[in-house]
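Hi,

Here is the structure I said I would pass on.

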Amino acid sequence: MVENYKVYVEGYGCVLNTADTEIIKNSLRECGFIVVDNLKEANIVIINTCVVRLETENRMIYRINEIKNLGKEVVVAGCLPKALKNKVKGFLHIYPREAHKAGEILKYYLKYKKREKYIEEEINKTLYKKLDYIKPSLITPLPICEGCIGNCSYCIVKIARGNLISYPREKIVKKAEELIKSGVKCLFITAQDTASYGLDIGDNLVNLLNDLTQIEGEFIMRVGMMHAKNVQPILDELIEVYQNEKVGKFLHLPIQSGDDEILKKMKRGYTVDEFKEIVNEFKRKVKNLCFTTDVIVGFPGETEEQFQNTLEVLKELKPDYIHGAKYSQRRGTEAAKMKQVDTKIRKRRSEILDKLRRELSYLNNKKYIGKTLKTLVLENGKGYTENFKVVKFEGGEIGEFVKVKITDAKTFGLKGEIIP
């Protein structure tokens, strides 16, 4: 009887993976398992893994073995078993596209001591059913598609999550309506690349966002990471929909490198100038835009000059936040076979980038002193501004929107006071 099994679910990684972790929990509950919040109480532990970087992979494997040594039955879910199956032999696997089947898979395994086989094509046809397993909370991730159309030479996530499959627009809108009616105040629109939404089904992100803004109620959406090459064709319409107050003034657009030759090696599909054009257009037309980007330093073959080119572009574009990462060799990717940059050089470049990102973040935050921003109260004394900066203040009811006047700026956050 599954009721005798207490399952603890541990999740890592991006917002999309966070959504999958919740989907796994709700699928288990539906099948009669008891989901517990305490590892000690559990006899089964599901780890929803991330594999984007080598350090992350090593941490995942260490954690899996650590829990196994506690005498727990371990199930490995997420990107690791799909991308690097041999690293987690001997464990029951649940792949990213099976998160909503987690309960069924575990139930079958406990009964027959083997994994139920699913036909991938069949799963793909009804992938949108993952949406049924998303439950409301103040901030709720809303996945809109799986996989991507990219072919970046360094990326292992493509191996883990596969080609693009977009959920039907009406299913996403229906789910969003249901969530807003249940009291959700913030939707994190999430995917590997939100800008690729609909490209496989003759639709696009703009159509989806326009429909979502029509939903009644007071709420805000944060559009997740977008690939610049897929933003280009919809740029004008996208900026237009960003004018709607229900769309947060937040742009997550990874540049990865500020050098054209490296971008070509990375197979990113855009040039530095094309990238700059998108960001500058957004900045010109979207007031209080919070622009976040990602940068990889020490990519195979990156020279000192090419690294300096990246720093110069960043100084010019002044992102509010930079997710900096040392290049990480991932097995099975094209870049892993290229001539690698010495690890000491990667480390030094990472430290230089970190110093710059702190300077730029503080510089950007200082600009908000004296401004008043609409803010969602997340917890006592903390909220998200309309452009998804974290602000601290006194008062306010959790879940309400208030006006906050910014009084001070820190490197990675703001301070303010509620004004009537």
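A word on the ground rules. This is a predicted model, where local features need pLDDT of at least 70 and side-chain atom pairs count only at pLDDT 80 or more, while totals for chains, interfaces and linings use all residues. Residues are numbered from 1 along each chain as its sequence is written, and side-chain values use heavy atoms, with hydrogens and water left out.

Helix and strand names follow DSSP runs, numbered from the N terminus (H or I of at least four residues for helices, E of at least two for strands). Two strands pair if DSSP finds at least two bridges between them.

Let's start with the five-stranded sheet. It is open, its order is S2-S1-S3-S4-S5, and the pairing is parallel. At its edges sit strand S2 (34–36) and strand S5 (92–94), each of which pairs on one side only. On average, neighbouring strands here are turned by 30° against each other, direction ignored. (Axes are lines fitted to C-alpha atoms, for helices over the stretch in contact, and angles run from 0 to 180 degrees between N-to-C directions.) Three bridges pair strand S4 (residues 73–78) with S5 in the parallel sense, and Val76 has His93 in S5 as its bridge partner.

Helix H1 (residues 15–30) touches strand S1 (6–11), S2, strand S3 (44–49) and S4, and its direction makes about 155° with that of S3. Helix H4 (residues 102–112) touches S1, S3, S4 and S5, with its direction at about 165° to that of S5.

Next comes a three-stranded sheet, again open and with parallel pairing, in the order S6-S9-S10. Its edge strands are S6 (139–143) and S10 (220–223), each pairing on one side only. S6 pairs with strand S9 (residues 186–190) over five bridges in the parallel sense, and Pro141 finds its bridge partner in Phe188 of S9. H1 turns up again here: it lies across S6, S9 and S10, running at about 100° to S6. Helix H8 (residues 205–213) lies across S9 and S10, at about 165° to S10.

Strand S17 (residues 401–410) runs antiparallel to S18, joined by seven bridges, and the two form a hairpin with two residues between them. Strand S16 (residues 390–392) runs parallel to S18, joined by two bridges.

Last, the helix pair. The axes of helix H12 (residues 272–285) and helix H13 (residues 304–317) come within 11 Å and cross at roughly 15°. That makes H12 roughly parallel to H13 (the class for angles under 35 degrees). H12 brings Val272, Phe275, Lys276, Val279, Asn280 and Lys283 to the contact, and H13 brings Val313, Glu316 and Leu317. By type, these contact residues divide into five nonpolar, one polar and three charged.

Cheers

Key:
Parallel < 35°, antiparallel > 145°, perpendicular 65-115°, else oblique. Contact = heavy atoms within 4.5 Å. Nonpolar A, V, L, I, M, F, W, Y, C, P; charged D, E, K, R; others polar.
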